[in-house]
Amino acid sequence: MKYTNVLIEDHEALRKLMKQVKSARLAPAKKEKALKLFFDLLDSHTEAEEMSLYKIRKENEWLRPDILEGLQEHRIAEELMAKIKRTKKRDLREAKIKVLCDYVKHHLDEEEEKLFPHFEKTISATQSKKLQKMYLAIREKTQKHQTEISHGAL
Ligand SMILES: [Fe+2]
Ligand SMILES: [Fe+2]
């Protein structure tokens with residue numbers, strides 16, 4: 001499988017979890033479980049992405065603007081996640097979760113529409129394979145909870 005398709009697989013799992021997190025029909029306990037899995041997968045995916053694809057900004061000027069933008073979005077999503085974990089008031093917490101989901105959705109769409117196609121155009125097959133290996137190794141190490149996408153981890 002192409003390296004960016006492995007990343008897109010994780011994006012799809014994140015989208016599914018966000019759908020559950022935002023669902024009006026799902027029981028509160030199930031929503032909390034989905035949120036826990038979503039945070040875990042988002043952390044693991046972000047770290048692995050930054051240690052592989054995002055690392056090439058140093059050697060690839062063309063990809064640099066998209067990568068810098070993506071990195072800023074990662075930091076903002078992390079800040080929002082930390083704020084949600086600290087928020088006790090239910091309606092306020094719900095509002096923050098909704099904003100985070102909308103924000104992450106925008107980030108995933110942008111990576112898939114801009115960064116990944118640009119990346120595939122400029123990177124050699126050998127380099128792409130190397131980065132994919134690195135990505136999967138970090139995903140395996142950092143994912144704490146089992147989801148349908150675990151890349152052989154756990
Ligand atoms: Fe990302
Ligand atoms: Fe991503």
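**Entry 1: the biggest core**

I looked up the largest nonpolar core first, and it has 16 residues. A nonpolar core here is a set of buried Ala, Val, Leu, Ile, Met, Phe, Trp, Tyr and Cys residues joined through C-beta atoms within 7 Å. Buried means 20 or more other C-beta atoms within 10 Å of the residue's own, exposed means 12 or fewer, and partly exposed is in between, with C-beta atoms placed from the backbone. Leu 14, Leu 17, Met 18, Val 21, Phe 38 and Val 104 have the most contacts inside this core. Helix H1 (3-22), helix H2 (28-51) and helix H4 (90-122) each give it two or more residues, and H2 gives the most, with six. Helices are DSSP runs of H or I, at least four residues long, numbered from the N terminus.

I note that this is a predicted model, where local features need pLDDT of at least 70 and side-chain atom pairs count only at pLDDT 80 or more, while totals for chains, interfaces and linings use all residues. Residues are numbered from 1 along each chain as its sequence is written, and chains are lettered from A and ligands numbered from 1 in the order in which they are written.

**Entry 2: Leu 17**

What does Leu 17 touch, not counting residues up to four places away in sequence? I found Ala 34, Leu 37, Phe 38 and Leu 41. Contact means C-beta atoms, placed from the backbone, within 7 Å. Apart from this core lies another, of 13 residues, including Tyr 3 and Phe 119.

**Entry 3: H3 against H4**

I checked how H3 (64-86) packs on H4: the angle is about 160 degrees and the axes are 10 Å apart. Axes are lines fitted to C-alpha atoms, for helices over the stretch in contact, and angles run from 0 to 180 degrees between N-to-C directions. That makes H3 roughly antiparallel to H4 (under 35 degrees is roughly parallel, over 145 roughly antiparallel, 65 to 115 roughly perpendicular, the rest oblique). Among the residues that meet are Ile 67, Ile 76 and Leu 80 in H3, and Leu 100, Val 104 and Leu 115 in H4.

**Entry 4: Trp 62**

Is Trp 62 buried or exposed? It counts as exposed because it has 11 C-beta neighbours inside 10 Å. I located Trp 62 in the loop between H2 and H3. Beyond its neighbours within four places in sequence, Trp 62 is in contact with His 118 and Thr 122. Trp 62 and Phe 119 are 57 residues apart in sequence, yet 9.2 Å apart in space, C-alpha to C-alpha.

Note on methods: Two residues are in contact if their C-beta atoms, placed from the backbone, lie within 7 Å.
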